[in-house]
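Please open the model in your viewer and keep the sequence panel beside it.

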Amino acid sequence: MKFGKHIQAQTIPEWAAHYMSYKGLKKIINELSMPLTPGVNQSEASQRRLQTVKAAFFFQVDRELEKVNLFYLQKEADTKMRLKSLIEKQRSLRVRGPRNRTATIRALREAFLNSRHDLDKLQNFVEINNTGFRKILKKWDKRSKSSTKELYLARQVDVQPCFNQDVIAEFSDTVTKCLSELEHALEEETEHMAPTKMPSQLDLISTPSIPSALRQQNADRQVASAFNESHSTLSQRPNSPFSLGTDVDNDGATPDIQLPPSMRRSSTGFLVDPGLTGSIQIDRSEAELFQA
């Protein structure tokens, strides 16, 4: 693809009027190929035309260079002012912090992303024009059979602010650093706002706490101690039906045991009154030992 078509394809539409006119400069160079007026000294006519075209060409190159540079300086100033404002807002966010902190962080991040996009566009603008000046000067040297390209680039093109890559690089580094800080701040805000996971009932049942288990063991020990003390006291009474010395009737049958008020009979054994020992079930085998 010829560079004239390439520069048209890469042109940012809203900036089209500020690119160098590669096509216009090429048209001036093409005047060198125009036929000379017949009947005159061809050598002298050729030299005069060369000087005329050269003056017109470099005059127009200077104008194109000035146009590109002025537009770049305007964009550089706008970018510098915008970044300064965004950095101040980010600094205020770190110092005080608004109530809607998360929304502010996201808005700042979006603004810095837009600035990065604008810097990419400006970088592309600079590179396209820089390449255009070099190519058109190369074409001039070829058609005019001269060697002015390197001298003009060194004295006129490379010294222009628009072709100083350090400024855009510094802006890009600043934007990258600020975006990194905002991403970190947004992660912290997201973690801070995340709801705390509550344990489910299944977790509470399957994983009892240590204090609860200890309390249950202590309660079991107290109940067992109370029952043993009650049983020992009842068995030592002379007329207690739980005494080991209980008489047997004449017919060999064991007399009915009169349960104390603190106990009652059930289908599986004896239950101690809850008021005394708290719902304790006596196994049937122990009851038979009491009756022996």
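Select serine 144 first: residues up to four places away in sequence aside, serine 144 touches Leu32 and Leu50, where contact means heavy atoms within 4.5 Å. Serine 144 belongs to helix 4; helices (H or I, at least four residues) and strands (E, at least two) are DSSP runs, numbered from the N terminus. The relative accessibility of serine 144 is 11%, so the residue counts as buried. Buried means under 20% relative accessible area, exposed over 50%, and partly exposed in between, with a 1.4 Å probe and protein chains only.

Display the polar contacts of serine 144 next. Its side chain reaches the backbone oxygen of tryptophan 140 at 2.6 Å, and it also makes a polar contact with the side chain of serine 146, at 2.6 Å. A polar contact is a pair of N or O atoms within 3.5 Å; within protein, one must be able to donate a hydrogen and the other to accept it, and residues adjacent in sequence count only if both atoms are side-chain atoms.

A word on the model is in place here. It is a predicted model, in which local features need pLDDT of at least 70 and side-chain atom pairs count only at pLDDT 80 or more, while totals for chains, interfaces and linings use all residues. Residues are numbered from 1 along each chain as its sequence is written, and side-chain values use heavy atoms, with hydrogens and water left out.

Move to lysine 145, in the loop between helix 4 and helix 5. Is lysine 145 buried or exposed? Lysine 145 has a relative accessible area of 76%, and is therefore exposed. Its phi is near 55°, a positive value in a residue other than glycine. Most residues other than glycine have a negative phi.

Now select valine 53 in helix 3. At 2% relative accessibility, valine 53 is buried. Beyond its neighbours within four places in sequence, valine 53 is in contact with Ile28, Glu31, Leu32 and Trp140.

Show helix 3 and helix 5 together. Their axes lie 12 Å apart and the helices pack at an angle of about 35°; axes are lines fitted to C-alpha atoms, for helices over the stretch in contact, and angles run from 0 to 180 degrees between N-to-C directions. The crossing of helix 3 with helix 5 is right-handed; a crossing is left-handed if the near helix is turned anticlockwise from the far one by less than a right angle, and right-handed if clockwise. To see the contact, select Phe58, Val61, Asp62 and Leu65 of helix 3 with Tyr152, Gln156 and Val157 of helix 5.

Continue to glutamine 160, in the loop between helix 5 and helix 6. Glutamine 160 counts as buried because its relative accessibility is 19%. Leu65 and Asn69 are touched by glutamine 160, not counting residues up to four places away in sequence.

Return to helix 4 and select asparagine 129. Its relative accessibility is 0%, so asparagine 129 is buried. Not counting residues up to four places away in sequence, asparagine 129 touches Tyr19, Met20, Val68 and Phe163.

Next, display the largest nonpolar core. A nonpolar core is a set of buried Ala, Val, Leu, Ile, Met, Phe, Trp, Tyr and Cys residues joined through side-chain atoms within 4.5 Å. Of its 49 residues, Met20, Phe57, Phe112, Phe125 and Ile136 touch the most other members. Helix 4 gives the largest share of this core, 13 residues. Centre the view on methionine 20: neighbours within four places in sequence aside, it is in contact with Ile7, Leu25, Glu64, Lys67, Val68, Asn129, Gly132, Phe133 and Ile136.

Finally, colour the whole chain by secondary structure, which comes to nine helices and three strands. Along the sequence, the pattern is α-α-α-α-α-α-α-α-β-β-β-α. Of the 292 residues in the protein chain, 29% are buried.
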